[in-house]
Each structure stands twice: as C-alpha cells, then as structure tokens.
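Please look over the structure below. This report takes up the ligand site, the backbone and the helix packing in turn.

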Amino acid sequence: MTTIQNQDDLYGAPTPGALSDEVFENYRRYVNPPLARVMKLSGSPIEVRAEGSTIWDQNGKTYLDFAGGYGVFTLGHRHPRVLAAVREQLDRIALSGKTMFNVLLGRASKRLAELAPGDLEISFWCNSGTEAVEGAIKLARVATGRKKIVATHDAYHGKTFGALSASGREAFQTPFRPLLADVAHIPFGATDTLDAVLADAAAFIVEPVQGEGGVNVPPAGYLRAVREACDRTGALFIADEVQTGFGRCGYRFGCDRDGVVPDLMTLAKGLSGGVVPVGAYIARSPIWMRAYGKAPLIHTSTFGGSELACAAALAAMEVLESERLVENARERGEQLLAGCAEIAAEFPQVVARVRGLGLLVGVELRSEGYGGWIIPEMLKHGVTAAWTLNQQRVIRLEPPLVVSSEEIERALGALRAGVAAALGNLGSLE
Ligand code: PMP
C-alpha cells in the first residue's frame with residue numbers, strides 16, 4: 001500500500017485524527033448536520049488524494065473507486081492529459097469574459113458534434129447534468145410549441161425544478177410540489193403506450209440505461225421504438241446520457257446500442273474527464289434553430305462553456321478515443337458482470353440478481369438494509385461502492401473505464417467479502 005503521510009495530504013492538520021475531528025465538526029456545523037452524523041456512523045473516511053482508479057484517505061489507506069463519483073470518473077481521477085490541458089489553459093484564460101469569441105467553446109462543440117450520433121450538431125454548455133436537462137426541456141417546449149413532458153418511472157434527471165419534475169422518485173419530489181405542470185410518467189422499457197402519451201407532448205426524456213433507478217437495462221430495440229414513436233407523434237426524443245455517455249456502457253453513447261439518433265442528448269459527468277464540472281446538451285440543428293434561431297440569448301449560463309471546462313472536455317474526448325476506453329469498458333464490464341453473477345449464485349439469500357451494461361453494473365439485494373452492511377465492509381477491504389439514488393436495494397459498481405482486469409478481481413473480492421458479512425449478520429439475527 002502506498003502511504004502518504006506528509007503534511008500536504010493532511011491539509012495542514014497535525015495528525016489524521018485532528019483532520020477527522022476538524023472535518024466532522026465543519027460538516028456538523030456548516031455543511032449538513034444529519035448527513036455528517038450518518039457519514040460518521042458508517043465510518044466514512046476522508047478523501048485526500050486521488051489518481052487513476054485509486055483514492056487515498058487521511059491515513060494513507062488506498063481504495064479502488066468503484067463508486068466512481070457516480071459515473072464522473074470515466075478517465076479515472078486526474079488523467080494526466082486532462083490535467084496538462086487545464087494547467088496550460090489556466091495560464092491563458094480560465095473563465096470566458098463572454099463578450100468575445102471563445103476559441104475552445106467552438107472547438108469543443110465541433111468535436112462533440114463529430115463524436116455524437118448522426119446529425120446532432122449544436123450544443124449548449126453549462127455546469128451540471130441537471131442544467132443540461134433543464135436546457136433540453138426548455139428547448140423542446142419552444143421548438144414544438146407544446147408543453148407536456150413525458151418521462152419514465154424511476155428515472156433520474158437531476159434536482160432542479162424541471163429536471164426533478166421529470167425524475168421518477170416521490171421522496172425527492174413531494175416536499176417541493178407543485179412541480180412543473182404537464183409531466184407524465186410511463187413504465188421504463190414499455191412501448192405499447194408511447195404513441196398515445198406522446199401525441200400532444202413536447203418531448204420524451206429517457207435514459208438509455210436507468211442509472212439511479214437501479215441500473216435498469218431496457219430490452220434491445222427500446223430506443224429504436226422510442227425514436228419511431230417520436231417521429232410519428234412529433235414529440236422530441238431527449239436521450240439523457242448524463243451517466244451513460246462517453247463509454248460508460250461499452251458504447252460511445254448509450255443510444256449507439258440501438259443505433260439511433262435522438263433529437264437532443266444531455267451530457268455531463270464524463271464529458272470533461274472528471275477534472276472540471278461541466279454539462280451540455282447537443283441538439284439537431286433544425287430543431288435548435290426552430291427554438292432559438294431568432295432569440296439567441298433567451299437561455300444562457302454565465303459559467304457555461306468556459307475555456308477551462310472546454311479545454312478539459314477536448315482533452316477528455318481525445319483520451320476516450322485514443323486509449324480505446326469504450327472497448328475497455330465493454331470487456332471489463334463483461335468481466336465485472338460475470339463475477340457479480342457468480343457471487344449472486346453463491347449467496348442467493350443476500351443477492352436477488354445482478355444486471356448491467358458495460359461498466360454500469362447493479363447488484364440487487366433481497367432487502368434494502370443489506371447495503372448498510374455490504375458497503376462499509378467493502379470499504380474495509382479498500383473498495384468504494386454506492387447505492388443508486390432512486391433504488392436503495394441496488395448497489396452500483398461503476399469504476400473508471402481505465403480499470404484493469406486485476407482491479408476488477410480485487411473489487412469482486414471485496415464485494416464477496418461484503419456479501420458474506422451480510423449473510424453472517426443475517427445468521428446472527430436468526
Ligand atoms: N441525469 C442523469 C441520467 C443522471 O444520472 C444524473 C446524476 N446522477 C443527472 C441527470 C443529474 O446530474 P447532476 O447531479 O450533475 O445535476
């Protein structure tokens with residue numbers, strides 16, 4: 001294990017214990033008091049450094065990052081080419097002054113259009129996934145002149161008002177009602193009701209694989225049926241690729257699995273290689289023009305499309321292609337899923353089933369509570385994992401796409417230990 005006990009890694013605190021006390025006290029008073037207590041109770045370490053698939057804590061212990069920032073770290077932490085691009089850009093111009101042309105915004109938008117499916121062409125840059133979704137929903141309303149947005153049960157699109165309205169979890173929505181009017185939810189993966197519900201809709205928003213909904217993989221051909229229903233009804237097809245984009249599922253984009261081109265695609269997480277926060281939507285040109293052809297400034301973002309973010313995104317898109325990460329995601333994803341299936345077969349009392357596509361893998365447990373035993377045990381074994389936000393019975397594994405075969409085996413070892421510990425706890429309850 002590499003140890004990092006120097007002062008820099010302790011952020012100036014004299015000992016790891018002093019750093020823990022300071023962090024907890026700051027969280028308890030100034031960040032989020034109830035969350036601080038939950039994190040402390042579950043023994044959450046402090047992240048002090050990260051590189052590739054590895055995070056170091058305050059004691060110098062290393063963890064394989066299989067929570068992967070909920071899908072942000074497609075290139076791993078701090079990929080050297082992204083860091084170099086960002087450092088170089090810091091010495092030129094960091095944030096856009098907004099009144100002049102921005103070279104990198106143009107280049108990053110062009111590169112995104114080249115990589116995105118079909119004729120997706122014009123992009124809008126913002127700073128998070130939920131902002132990308134807001135932008136797409138607004139564009140769809142203006143472009144079609146219709147109001148209704150159709151989404152799916154268990155969907156996750158973000159937590160700002162528009163995106164939250166399209167999301168499919170009551171617990172996140174109820175305290176904030178009323179939400180956006182005119183939003184309908186239909187079952188994910190079902191095609192029989194599409195035509196009827198989309199007849200008067202501005203858009204259908206859907207994830208190619210539902211990440212936060214519990215890693216739900218639709219039947220092959222689902223997105224093709226969605227495309228056809230949208231063509232018949234005039235509703236726009238918004239593919240929310242915030243989590244599935246940039247190789248996560250073993251395809252460059254989740255839509256590539258079905259070979260379809262949506263009208264709008266929302267992106268974030270992997271787009272800038274996990275170094276600078278960024279989000280974007282990309283739209284087909286005629287649709288964008290219908291909405292904003294005569295009103296270029298009615299949807300804008302001060303920070304969006306900064307030189308810094310675009311430099312990171314350009315480097316990240318280059319690394320994704322040159323390091324063949326999409327292929328690696330597919331191969332390592334098969335290894336990970338097969339290993340999880342073995343564990344499920346070995347411990348049927350704990351694991352109900354496993355599923356996934358590429359390096360987005362979900363382990364469905366027989367009961368919500370089991371995750372509370374498994375995730376801390378995996379941490380003890382030096383591997384991070386996380387729940388999915390809309391489905392507490394599913395643990396997600398989404399490591400960086402640069403993950404090696406050996407790292408997958410280590411993570412599987414930790415998962416097996418976690419599941420065995422859960423079974424042991426069950427036994428002691430009986
Ligand atoms: N859409 C999808 C599909 C997501 O998975 C997420 C985040 N998990 C979001 C939108 C929201 O992204 P953010 O947290 O950056 O706002």
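What follows is a short tour of a predicted model.

**Ligand site**

Start with the residues around the ligand. One stretch of the chain supplies Ser128, Gly129 and Thr130. Another supplies Tyr156, His157 and Gly158. Glu207 and Glu212 also belong to this shell. Asp240, Val242, Gln243 and Lys269 complete the list. By class, six of these residues are polar, four are charged and two are nonpolar.

| Residue | Protein atom | Ligand atom | Distance |
|---|---|---|---|
| Threonine 130 | backbone N or O | oxygen | 2.8 Å |
| Tyrosine 156 | backbone N or O | nitrogen | 3.4 Å |
| Glutamate 212 | side-chain N or O | nitrogen | 3.1 Å |

How much of the ligand does the protein bury? Taken alone, the ligand exposes 390 Å², and the protein buries 83% of that. Glutamate 212 uses an atom of its side chain.

**Backbone details**

Two loops deserve a check. The first topic is a peptide bond. Arginine 177 and proline 178 are joined in cis, with omega at about 5 degrees. Proline 178 sits in the loop that runs between helix H8 (170-173) and strand S6 (183-186).

Next comes a phi angle. Aspartate 154 is not a glycine, yet its phi is positive, at about 70 degrees. Its loop lies between strand S5 (148-152) and helix H7 (161-166).

**Helix packing**

Which helices pack with H12? Helix H4 (residues 80-90) is one of them: its axis comes within 8 Å of that of helix H12 (residues 307-322). The two axes cross at roughly 155 degrees. Angles over 145 degrees count as roughly antiparallel, so H4 is roughly antiparallel to H12. Their crossing is right-handed.

Helix H5 (residues 103-115) also packs with H12, at an angle of about 30 degrees. The axes of H5 and H12 are 9 Å apart. Why are H5 and H12 described as roughly parallel? Angles under 35 degrees count as roughly parallel, and H5 and H12 therefore qualify. H5 passes H12 in a left-handed crossing.

A further pair is helix H13 (residues 325-346) with helix H15 (residues 405-429). Their axes lie 10 Å apart, and the packing angle is about 20 degrees. H13 and H15 are therefore roughly parallel to each other. The crossing of H13 and H15 is right-handed.

How values were computed
Residues are numbered from 1 along each chain as its sequence is written. This is a predicted model: local features need pLDDT of at least 70, side-chain atom pairs count only at pLDDT 80 or more; totals for chains, interfaces and linings use all residues. Side-chain values use heavy atoms; hydrogens and water are left out. A residue is near a molecule or strand if one of its heavy atoms lies within 4 Å of it. A polar contact is a pair of N or O atoms within 3.5 Å; within protein, one must be able to donate a hydrogen and the other to accept it, and residues adjacent in sequence count only if both atoms are side-chain atoms. Accessible areas come from the Shrake-Rupley method with a 1.4 Å probe; for residues, only the protein chains shown count as cover. Ala, Val, Leu, Ile, Met, Phe, Trp, Tyr, Cys and Pro count as nonpolar, Asp, Glu, Lys and Arg as charged, and the others, Gly among them, as polar. Axes are lines fitted to C-alpha atoms, for helices over the stretch in contact, and angles run from 0 to 180 degrees between N-to-C directions. Helices (H or I, at least four residues) and strands (E, at least two) are DSSP runs, numbered from the N terminus. Angles under 35 degrees count as roughly parallel, over 145 as roughly antiparallel, 65 to 115 as roughly perpendicular and the rest as oblique. A crossing is left-handed if the near helix is turned anticlockwise from the far one by less than a right angle, and right-handed if clockwise.
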